[in-house]
Amino acid sequence: MGLARARARARVLAPGRQHSARRVLLVGALAAGLVAGGGVAWAAWTATGVAAGPEALTSGTLRMSVDGSLDLTVTPAWPGSGSAGAVTVTNTGDASFTLTAAPAASGTLAPYVLTAVGYGAVASGTACTGGSSTPPLLGPAEAVTVCVAARLAPATPSALQGGSADVSVRLDAAQSGEGLP
């Protein structure tokens, strides 16, 4: 019905204006078609393929061996004196782990005992040379030298003469988390 009215108007217009009326009619018809169709275009995409299945979970064994011993004896001890030692730690399990060494002092001189750890370092006199202070990730069958140095702080009070300290080193293996989300 709206289309018939538009045609009727086009005939009433002057001959030069009929082309404009046709354009208006065409644009109006196009707009009516878009409104009637909702003006929404849609498309659907499909893909074919095989979905990956879940990965199998397996357990691992954390195991390490320590070759050597740390003898951090300093006798006689004076402020600034110390010693260093190294052991070799090997991952004998089948899971990777991060190795950390945590030295701790006990005894009357404990607050004045300074310690340092070097992974891949060499014990040289009273210090660890080379290596890194960053705990390493050891894969199965990998090994690293762990050097520990202990010395008496230069500011140790002379009133503590005759005191003693024991240094123990705790080695920890923590599963690395490789492959975890």
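**Reading a strand in a predicted model**

Modeller: Let's begin with the contacts, meaning heavy atoms within 4.5 Å: among those in the protein between residues at least 6 apart in sequence, 75% join residues at least 24 apart. Keep in mind that this is a predicted model, where local features need pLDDT of at least 70, side-chain atom pairs count only at pLDDT 80 or more, and totals for chains, interfaces and linings use all residues. Residues are numbered from 1 along each chain as its sequence is written, and side-chain values use heavy atoms, with hydrogens and water left out.

Biologist: Thanks! How many helices and strands does the protein have?

Modeller: Helices (H or I, at least four residues) and strands (E, at least two) are DSSP runs, numbered from the N terminus. Here there are two helices and nine strands, in the order α-α-β-β-β-β-β-β-β-β-β from the N terminus.

Biologist: Why is strand E8 described as largely enclosed?

Modeller: Buried means under 20% relative accessible area, exposed over 50%, and partly exposed in between (1.4 Å probe, protein chains only). Seven of the ten residues of E8 (residues 143–152) are buried, so the rest of the structure largely encloses this strand. For the protein, 19% of the 181 residues count as buried.

Biologist: Which strands pair with E8?

Modeller: Two strands pair if DSSP finds at least two bridges between them. Strand E2 (residues 82–91) pairs with E8 in the antiparallel sense over nine bridges, and strand E4 (residues 113–119) does so, also antiparallel, over seven bridges.

Biologist: What is the bridge partner of Ala84 in E8?

Modeller: That is Ala149, and Ala149 is also the bridge partner of Ala116.
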